[in-house]
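Subject: Structure for you to look at

Hello,

Here is the structure I said I would pass on, with my notes below it. Please read them with the model open.

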Amino acid sequence: MGELVQPEKPRSALKIYLDILTTVRDQGRAKPTRILYLANLSHDRLVKYISELLSKGLIEEKAEEENRYYTLTQKGMDFLNEVKKAESFVSAFGITI
Amino acid sequence: MVSSQVLIFVFNLLSGIVALLVSYYAFRFNRLVESSVLRYVSLGFALLGVGLVAEAGISVFLGVNLVELFVVKRIGVLANAAFLVLQLLAYLVFALGYAVGAFGRPKRFNETLPVGSLLVLATPVIRDALPQFYNFALASELLMVLLLAFVVFEGILIYSRTHSKFSLMVLAGFALILGGHIIRFGSIAALSSALYVDGTIVQFFGFLSLLLFLIRSGRIGPT
């Protein structure tokens with residue numbers, strides 16, 4: 001008999017921000033395809049979230065020859081740290097972000 | 001020899017400060033995470049913090065703790081009632097928060113509330129034999145024990161699911177606070193001032209566990 005599998009909850013917008021920012025931080029300078037792959041996003045969602053992060057000043061876009069890549073700003077680093085802190089705090093009360 | 005008022009003042013003041021710190025961080029992170037459970041945690045710890053600081057202030061101002069108030073029959077009943085109500089409300093908010101988190105809505109908790117009230121009302125011997133405020137204090141402590149037992153139970157469920165050291169620290173904190181209130185309930189029933197101080201100290205260790213949680217999870221100090 002097949003096992004009953006609990007469907008996974010969709011990621012919150014905050015979790016997606018966190019995944020993108022973590023990817024950009026870990027990569028140093030991340031190409032869109034790399035973010036797409038590591039943050040597990042579709043192209044449409046990547047464009048939407050990258051645009052939001054750019055408008056909030058959390059990442060910045062740089063172009064080098066034909067390539068486009070993203071780096072974390074200081075504001076982005078502060079935001080990432082704050083979300084990481086929030087993640088460990090809320091986990092104690094059984095909340096996931 | 002340090003008097004019981006000084007001990008109550010110090011332990012309650014420190015516990016109150018820790019409670020207010022937890023409230024602040026829950027409020028701050030709620031702006032990011034937007035969770036109803038965090039809102040309850042923030043409100044609950046704020047009420048608890050104010051209640052504990054009020055108790056600390058009252059014990060110094062009146063020169064007696066809650067148990068001694070009954071023994072020496074000094075005035076200040078209203079002042080003491082204030083911190084009991086605040087703390088009771090705080091635990092009610094925690095229990096509601098955990099109920100909302102666990103069951104999606106507070107209906108299940110509402111069903112359990114009258115049980116606690118009935119239990120208190122079912123002690124007519126104590127109620128009739130003792131002054132009104134004594135009965136109120138005893139009932140408040142009993143309700144706090146019931147509410148905290150529910151919170152601890154939810155904490156156990158959360159820890160069994162997450163196995164996170166942070167949820168264990170919060171669980172230990174609430175369990176020790178519960179232990180403190182059980183002792184304080186006993187102290188009021190037995191009119192033992194020494195036992196009341198013991199209960200306050202055990203409760204303080206609960207807040208120490210919460211402080212440890214704040215420090216270890218990176219909320220205080222360098223991150």
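In helix α1 of chain A, the buried residues are A:L14, A:I16, A:Y17, A:L18, A:D19, A:I20, A:L21, A:T22, A:T23 and A:V24. Buried here means under 20% relative accessible area, exposed means over 50%, and partly exposed lies in between (1.4 Å probe, protein chains only). Helices (H or I, at least four residues) and strands (E, at least two) are DSSP runs numbered from the N terminus.

Before the rest, some conventions. This is a predicted model, in which local features need pLDDT of at least 70 and side-chain atom pairs count only at pLDDT 80 or more, while totals for chains, interfaces and linings use all residues. Residues are numbered from 1 along each chain as its sequence is written, chains are lettered from A and ligands numbered from 1 in the order in which they are written, and side-chain values use heavy atoms, with hydrogens and water left out.

Helix α1 of chain A

What covers the buried residues of this helix? The cover includes α2 (32-38), α3 (43-55), β1 (59-64), β2 (67-72) and α4 (74-91) of chain A, together with α1 (4-33) of chain B. Contact, here and below, means heavy atoms within 4.5 Å.

After α1 of chain A comes A:G28, with a positive phi near 85°.

Chain B

Chain B has nine helices and zero strands. Of its 223 residues, 50% are buried. Among its contacts with a separation of 6 or more, 74% are between residues 24 or more positions apart. The accessible surface of chain B is about 10,100 Å², and carbon and sulfur atoms hold 73% of that. Accessible areas come from the Shrake-Rupley method with a 1.4 Å probe, and for residues only the protein chains shown count as cover.

Where the chains meet

The contact takes 15 residues from chain A and 24 residues from chain B. Between them the chains bury about 1,700 Å², with 74% of it on carbon and sulfur atoms. In chain A, the residues that lose the most area to chain B are A:K85, A:F89 and A:F93, together 41% of what that side buries. Buried area is the accessible area (1.4 Å probe) that two parts lose on being put together, summed over both.

How many salt bridges are there between chain A and chain B? The count is one: A:E82 pairs with B:R28, with the closest N and O atoms 2.7 Å apart. A salt bridge is a side-chain nitrogen of Lys or Arg within 4 Å of a carboxyl oxygen of Asp or Glu. Helix α4 of chain A gives nine residues, the largest share of the side of chain A that touches chain B. Three residue pairs are in polar contact between the chains, both residues being at pLDDT 80 or more. A polar contact is a pair of N or O atoms within 3.5 Å; within protein, one must be able to donate a hydrogen and the other to accept it, and residues adjacent in sequence count only if both atoms are side-chain atoms.

B:S167 sits in helix α8 (residues 165-190) of chain B and is buried, at 2% relative accessibility. Its side chain makes a polar contact with the side chain of B:T162 at 3.0 Å. Leaving aside neighbours within four places in sequence, B:S167 is in contact with A:S91, A:A92, B:I158, B:Y159 and B:T162.

Other salt bridges

The whole structure has 10 salt bridges over all chains. In one of them, the closest N and O atoms of A:R29 and A:E64 are 3.2 Å apart. A:R29 lies in the loop between α1 and α2 of chain A and A:E64 in strand β1 of chain A, so this pair ties together parts that are 35 residues apart in sequence. A:R29 is partly exposed at 44%, and A:E64 is partly exposed at 37%.

A:E60 and A:K62 also form a salt bridge (3.5 Å, N to O); A:E60 is partly exposed at 34% and A:K62 at 35%. A:E61 and A:R68 form another (3.3 Å, N to O). Salt bridges that share partners join A:K15, A:D19 and A:E87 into one network.

Regards
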